[in-house]
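Please keep the sequence and the coordinates open while reading.

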Amino acid sequence: MKVIVVGATGTLGKAVAEDLNKRHEVVEVGFSGGDVQVDITDLSSIRAMYEEIGAFDALVSATGDVHFGPLEDITQEQWKLGLNNKLMGQINLVMEGAKRVNDNGSFTLTSGIISKDPIRYGAAATTVCSAIEGFAASAALELPRGIRINVVSPTILEESVELFGAAFAGFEPVPAAKAALAFSKSVDGARSGQTFEVKGHT
Ligand SMILES: NC(=O)c1ccc[n+]([C@@H]2O[C@H](COP(=O)([O-])OP(=O)(O)OC[C@H]3O[C@@H](n4cnc5c(N)ncnc54)[C@H](OP(=O)(O)O)[C@@H]3O)[C@@H](O)[C@H]2O)c1
């Protein structure tokens, strides 16, 4: 299959692309790096990415920015960061991609474990992650031509502990390579409308 991985230059996306590469032709997409560039906050950039890549069988999104900070201090702009980037960016990858993907193709989006297991200072992220999972569950009912959609919800990655592990005290980190398996399960498997959680024992 020809699989587009958006965010393929990132911590999570690199591992996802590596696992998919074992079986598929992967097009690595980044914001500034990768084979192809896209800005998921810009609809015209998403359309240009699909034009450049042409026919494809699956898209994985392993990207999305969102603000973390104390609830009372979250500004309108900070709310909009997650809504415009991680939420609508990924939704628009599906909305535009569904017109172009091959029959029986698939979309796999990324949320995060705090959709179900919130942390302090994570209100904007939990809101967005829950919405992504809701979108996929509902969109799966209506996508035409055998197109599937799933979400992967990883816990904190071992590779990211140094960056923001302090906010996830008590959560057992998992290697990005383990999270990557859930993306492969979505792409290579048959299920749709699911959220695949990837977590340690806690
Ligand atoms: N890391 C974790 O522990 C963890 C855990 C659970 C969930 N997640 C979620 O997984 C996703 C990826 O996280 P990560 O840690 O791998 O992030 P990351 O290392 O910062 O990588 C981000 C990736 O997205 C690309 N990108 C940035 N802005 C973009 C834009 N506007 N449009 C398109 N692509 C853009 C980057 O491209 P360039 O390299 O070219 O800039 C890079 O490939 C996020 O949604 C995050 O919330 C991460």
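A residue is called buried when its relative accessible area is under 20%, exposed when it is over 50%, and partly exposed in between, with a 1.4 Å probe and protein chains only. Helices (H or I, at least four residues) and strands (E, at least two) are DSSP runs, numbered from the N terminus. The model is predicted, so local features need pLDDT of at least 70 and side-chain atom pairs count only at pLDDT 80 or more, while totals for chains, interfaces and linings use all residues. Residues are numbered from 1 along each chain as its sequence is written, and side-chain values use heavy atoms, with hydrogens and water left out.

Because seven of the seven residues of β6 are buried, the strand is largely enclosed by the rest of the structure.

What is the strand order of the open sheet? The seven strands run β3-β2-β1-β4-β5-β6-β7, with parallel pairing; two strands pair if DSSP finds at least two bridges between them. The edges are β3 (36–37) and β7 (195–198), each of which pairs on one side only. Strand β4 (residues 58–61) is joined to β5 (residues 106–110) by three bridges in the parallel sense, and Ser106 of β5 is the bridge partner of Ala58. On the side of β6, β5 forms five parallel bridges, with Ser106 opposite Arg148.

The loop between β5 and α4 holds Ser111. Its relative accessibility is 3%, so Ser111 counts as buried. Contact means heavy atoms within 4.5 Å. Leaving aside neighbours within four places in sequence, Ser111 has contacts that include Lys86, Cys129 and Glu133, together with Val151, Val152, Ser153 and Pro154.

Helix α2 (43–53) has a buried side made up of Ser45, Ile46, Met49, Tyr50 and Ile53. Seen down the helix axis, these buried residues fall within an arc of 140°, so they line one face of α2; the arc is that of the directions from the helix axis to the C-beta atoms. They pack against β1, β2, β3, β4, α3 and β5. Glu51 and Glu52 are exposed on the face turned away from the buried side. Just after α2, Gly54 takes a positive phi of about 75°.

A nonpolar core is a set of buried Ala, Val, Leu, Ile, Met, Phe, Trp, Tyr and Cys residues joined through side-chain atoms within 4.5 Å. The largest one has 40 residues, and those with the most contacts inside it are Val6, Val29, Met49, Tyr50, Leu59, Phe107 and Ile149. Elements giving two or more residues to this core include β1 (2–6), β2 (25–30), α3 (76–97) and β6. The most comes from α4, with seven residues. A second, separate core has 23 residues, among them Ala17, Val60, Ala62 and Val187.
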